[in-house]
Amino acid sequence: MLLPLHCYDEAGRIKPPFWLYWMLLILCSDWIALVFSLVTFGQTSELLSVLYPDKTVLGWRLLATWPFLTVILLMGNRERLWKKELTGWRLGIMPLIWTGNIVSIAAQMQTVLHDQWDFHWTPACFILVNVLVFVTVMRSRHIRLMVSDWRDPATGDSGGTEDKKITDAGVTKPGQNTSPH
């Protein structure tokens, strides 16, 4: 095993790290605010105007965080995608996170620039979380192993992360004929 036991699911495949879900959800808080405001019937525009006085800011931030939402949806629906024999999407996880980071930081910088470089806690915190996500994803061994492990879950080909079978004297490989004749 290359990771601790809690990092694997029941089938022996590497699960996404829990911290990744939380960081991506924090960065997708604009989507959460939008859904929450839509659920509160009759007060949608009032709630959104409190959170986002400039409606273009909401639009830009929703577009900027779309890649993060896509990654959350892909990782959350991995079993369904595997049942349909779709595995190529796993290669898009890292580029989507990088693209989301760059575009999200640009959207936050646009907000700061619009406010003429006045300091506000919200953009500062989002930029900090974006940088943390970028650095941790770049350095995360767990995510690299996870993406390679999801190569072909139907056949059990885990991209080299499985334990090697012992083939010393007395131990046979699965399917190996041990009869003397």
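This is a predicted model: local features need pLDDT of at least 70, side-chain atom pairs count only at pLDDT 80 or more; totals for chains, interfaces and linings use all residues.

Me: Which element gives the largest share of the lining of the largest cavity?
Reply: Residues are numbered from 1 along each chain as its sequence is written, and side-chain values use heavy atoms, with hydrogens and water left out. A cavity is a set of points on a 1 Å grid over the protein atoms alone where a 1.4 Å probe fits but cannot get out, and lining residues have an atom within 4 Å of a point. The largest share of that lining, 3 residues, comes from H7.

Me: What volume does the largest cavity have?
Reply: Grid points are joined across faces, edges and corners, and a volume is the space filled by probe spheres set on the points. The structure holds 1 cavity of 30 Å³ or more. Among the residues lining the largest cavity are Asp30, Arg61, Ser104 and Phe126. Its volume is about 40 Å³.

Me: Which residues lie nearest the centre of the largest pocket?
Reply: A pocket is an open set of grid points with protein on both sides within 12 Å along at least five of seven lines. The largest pocket has a volume of about 330 Å³. H2, H4, H7 and H8 each supply at least two residues of its lining. Of the 16 lining residues, those nearest the centre are Leu51, Tyr52, Pro53, Val57 and Arg61.

Me: How do the residues of the contact of H1 with H5 divide by class?
Reply: The axes (lines fitted to C-alpha atoms over the stretch in contact, with angles from 0 to 180 degrees between N-to-C directions) of H1, residues 18–27, and H5, residues 66–76, come within 9 Å and cross at roughly 145°. The contact (heavy atoms within 4.5 Å) involves residues including Leu20 and Leu24 of H1 and Phe68 and Ile72 of H5. Ala, Val, Leu, Ile, Met, Phe, Trp, Tyr, Cys and Pro count as nonpolar, Asp, Glu, Lys and Arg as charged, and the others, Gly among them, as polar. The residues of this contact divide into 9 nonpolar, 1 polar and no charged.

Me: How many helices does the protein have?
Reply: Helices (H or I, at least four residues) and strands (E, at least two) are DSSP runs, numbered from the N terminus. The elements run α-α-α-α-α-α-α-α-α from that end. With 0 strands, the number of helices is 9.
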